Each structure stands twice: as C-alpha cells, then as structure tokens.
4 protein chains.
Amino acid sequence: MAEESVAAEQLRLFIERIERLEEEKKGISDDIKDVYAEAKSNGYDVKTMRKIVALRRQEAHARQEADALLETYRTALGLH
Amino acid sequence: MAEESVAAEQLRLFIERIERLEEEKKGISDDIKDVYAEAKSNGYDVKTMRKIVALRRQEAHARQEADALLETYRTALGLH
Amino acid sequence: MAEESVAAEQLRLFIERIERLEEEKKGISDDIKDVYAEAKSNGYDVKTMRKIVALRRQEAHARQEADALLETYRTALGLH
Amino acid sequence: MAEESVAAEQLRLFIERIERLEEEKKGISDDIKDVYAEAKSNGYDVKTMRKIVALRRQEAHARQEADALLETYRTALGLH
C-alpha cells in the first residue's frame with residue numbers, strides 16, 4: 001500500500017510537469033498568433049509569411065532544388 | 001424498455017454506417033498512397049507532386065496572386 | 001524532346017488519377033459528416049459516437065486492458 | 001525605394017520574431033517528449049497518461065457527464 005502511494009505520487013508529479021510544459025507551449029503558440037496578427041494589421045499576408053518561414057528552414061541548396069523541380073513540373077502541366 | 005432497445009438498435013445502425021464509410025475512406029487513402037508510390041517508382045518526386053495537386057486546386061487568378069506575393073517576400077528577404 | 005512530352009503526359013496522368021481519388025475521398029468524408037449530423041438530429045451525441053467507433057476498432061482484449069489501466073490511473077489521481 | 005527597404009526590414013523583423021518563438025516552442029515540445037519518455041522508463045503507460053492529461057483539462061462536471069454518456073452507449077452496444 002505504501003508502494004502504491006509512492007507510485008501514485010510519482011505519477012502525479014509526471015502529470016503535473018507535463019501540464020506545466022503544455023501551458024508554456026500554449027502561451028508560446030498564442031504569442032506566435034499575436035505576431036502574425038500584428039504583421040497582418042501592418043499589411044503583411046500571413047499565408048505568404050508562413051511559406052517564408054518554411055522556406056527559411058530549408059538549406060539554400062535544398063530550397064533551390066525543390067524550386068527547380070516544382071518549376072519543371074508546373075511547366076510540364078502548363079500550370080502558371 | 002422497448003424504447004431503449006429501439007434507441008440501442010438505431011445507435012448501432014448509425015455506428016455501422018459510419019464504420020462502412022470509414023472503411024471505404026481507408027481504401028481510397030490506400031489507393032492514393034499506391035499511385036504516389038507508383039509515380040515514385042517511375043522517377044517522379046512525391047513532395048513536388050503534392051504541391052502540384054494543391055496548386056491545381058486553386059483558381060489560376062488566386063495562384064498567380066499567391067506566386068507574385070511570395071516572389072515579392074522572397075526578394076525582400078534575399079531568399080532564393 | 002519527344003521523351004519530355006512522354007514524361008509530361010505520364011505525370012499528368014498520375015496527377016489526374018490522384019485528383020479523382022481525392023475527390024472520391026472528399027465525397028466519403030462528406031457522407032460521414034452527414035451520418036453524424038443525422039445521428040445528432042436524432043438526439044445522439046457525436047463526440048461519444050466517435051469514442052465508440054474508436055473503441056470498436058480495438059480488439060476486446062486490448063480495450064479491456066486500456067480500460068483497466070485508465071481506471072487505475074484515475075483512481076491514483078482521484079480523477080472521477 | 002527607401003519605403004521598400006523599410007517594409008523589407010519590418011517583414012524581416014516579424015519573421016525573425018516568429019522564428020525565435022517557433023524555436024522555443026520546439027524546445028518545449030521536446031521537453032514534453034522527454035518527460036513522457038522518463039515516465040515510460042519508470043513503468044508508466046504513455047497513452048494512458050495522455051488520456052489523464054486530457055481528462056484533467058475538463059471540469060469535473062463535464063467529465064462525469066461524458067463518462068456517463070459513454071457508459072450508456074457502450075452498454076447499448078455491448079462494448080465492454
């Protein structure tokens with residue numbers, strides 16, 4: 001029974017650590033939304049900004065390769 | 001009690017209809033994966049194909065506007 | 001150049017097969033939504049129905065084990 | 001032209017703020033994974049822990065209502 005109490009207490013501590021981290025994560029997600037909203041109110045387009053963030057995550061080399069390939073496929077399908 | 005049986009039976013019928021549809025949906029998702037796999041084995045790039053599918057969903061006008069905006073932002077950030 | 005035309009045509013065929021399948025998939029997703037909507041209008045709770053669909057996907061044995069474990073954790077945390 | 005430089009600079013600042021926040025968010029997501037991994041290595045079941053975290057987010061009243069409804073549906077379908 002003492003062992004079970006220990007286990008329950010340990011479980012509670014793990015759960016509470018996760019809850020604190022989830023709360024922090026939620027706060028940062030809200031901050032990100034706020035920056036996008038601020039940019040939008042300054043006239044920037046949010047969807048294009050998200051694409052920029054994704055493109056900047058890639059190495060220049062990978063980005064150029066992906067660009068070239070997409071261009072080839074779009075030309076093949078007359079998609080401009 | 002008879003009423004409860006009717007409700008249980010009706011619930012079961014709804015659930016079974018959903019399950020059949022979910023199964024069909026799963027089958028089609030698998031078919032889509034198969035086509036991508038076949039394209040890949042023919043030398044096509046799956047990631048670029050997914051972009052093409054998304055681009056073709058857009059109206060030409062919206063696609064051109066999005067392209068132009070992204071190009072402007074990339075130039076502003078020296079991202080090529 | 002003839003080779004390129006062939007490749008473009010083959011790419012188009014792959015893309016069109018995917019688009020047809022995506023359309024079918026969208027149709028079935030809409031059907032699923034319709035069944036849930038019909039069930040809701042008959043007084044059933046959609047969220048609980050989704051849980052039932054998930055539970056029925058599991059083998060009886062796995063379901064009972066998951067139930068028992070959740071019960072143990074809920075008791076340990078006084079969560080009822 | 002000076003105006004364009006200002007706009008480009010402002011856009012860059014928004015993008016960099018978002019990138020810093022995304023990095024922080026990624027760090028916290030990794031921390032959460034680490035806590036689950038630590039709990040797992042102490043013998044706890046991660047899937048059940050996730051259910052506990054979700055249940056604790058709900059008000060006691062909502063949780064009890066959802067529990068009762070699920071129990072009713074499971075009984076109706078003989079799903080135990």
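This is a predicted model: local features need pLDDT of at least 70, side-chain atom pairs count only at pLDDT 80 or more; totals for chains, interfaces and linings use all residues.

Trainee: What makes the relation of chain A and chain D a two-fold axis?

Mentor: Chain A superposes on chain D by a rotation of 180° with 0.0 Å of shift along its axis, at an RMSD of 0.1 Å. That is the relation of a two-fold axis. Of chain A's residues, A:Lys25 comes closest to the rotation axis, its C-alpha being 2.9 Å away.

Trainee: How do you know that chain A and chain D meet through the same surface?

Mentor: Contact means heavy atoms within 4.5 Å, and the contact takes 28 residues from chain A and 28 residues from chain D. Since 100% of the interface residues of chain A are also interface residues in chain D, the copies meet through the same surface.

Trainee: How much area do chain A and chain D bury, and what does "buried area" count?

Mentor: It counts the accessible area (1.4 Å probe) that two parts lose on being put together, summed over both. For chain A and chain D that is about 2,900 Å², with 69% given by carbon and sulfur atoms.

Trainee: And what about chain A against chain B?

Mentor: There the buried area is about 1,900 Å², 66% of it on carbon and sulfur atoms. A:Ile52, A:Tyr73 and A:Leu79 supply 28% of what chain A buries against chain B, more than any other three residues. This contact takes 20 residues from each of chain A and chain B.

Trainee: Why is A:Arg56 with D:Glu19 called a salt bridge?

Mentor: The rule wants a side-chain nitrogen of Lys or Arg within 4 Å of a carboxyl oxygen of Asp or Glu. The closest N and O atoms of D:Glu19 and A:Arg56 are 2.7 Å apart, so the pair passes. Across the interface of chain A and chain D the rule finds four salt bridges.

Trainee: Which helix of chain A gives the most to the side that touches chain D?

Mentor: Helices here are DSSP runs (H or I, at least four residues), numbered from the N terminus. Helix 1 (2-41) and helix 2 of chain A each supply at least two residues of that side, and helix 1 gives the most, with 22 residues.

Trainee: What pair links chain C and chain D by a salt bridge?

Mentor: D:Asp67 and C:Arg74, with their closest N and O atoms 2.7 Å apart. The pair crosses between chains, from helix 3 (residues 60-76) of chain D to helix 3 (residues 60-76) of chain C.

Trainee: Is C:Arg74 buried or exposed?

Mentor: Buried means under 20% relative accessible area, exposed over 50%, and partly exposed in between (1.4 Å probe, protein chains only). C:Arg74 has 5% relative accessibility, so buried is the label. D:Asp67, at 29%, is partly exposed.

Trainee: Why is A:Thr48 called buried?

Mentor: Because its relative accessible area is 3%. A:Thr48 sits in helix 2 of chain A. Apart from neighbours within four places in sequence, A:Thr48 is in contact with B:Leu69, B:Leu70 and B:Tyr73.

Trainee: What makes C:Ile28 buried?

Mentor: A relative accessible area of 7%. C:Ile28 lies in helix 1 (residues 2-41) of chain C, and, leaving aside neighbours within four places in sequence, C:Ile28 is in contact with B:Leu21, B:Glu24, B:Lys25 and B:Ile28.

Trainee: How far apart along helix 1 of chain A are A:Asp30 and A:Lys33?

Mentor: They are three residues apart, which puts about one helical turn between them. Their side chains meet in a salt bridge at 4.0 Å, N to O. A:Asp30 is partly exposed at 27%, whereas A:Lys33 is exposed at 55%.

Methods: Residues are numbered from 1 along each chain as its sequence is written. Chains are lettered from A and ligands numbered from 1 in the order in which they are written. Side-chain values use heavy atoms; hydrogens and water are left out. Copies are superposed by least squares on the C-alpha atoms of residues with pLDDT of at least 70 in both.
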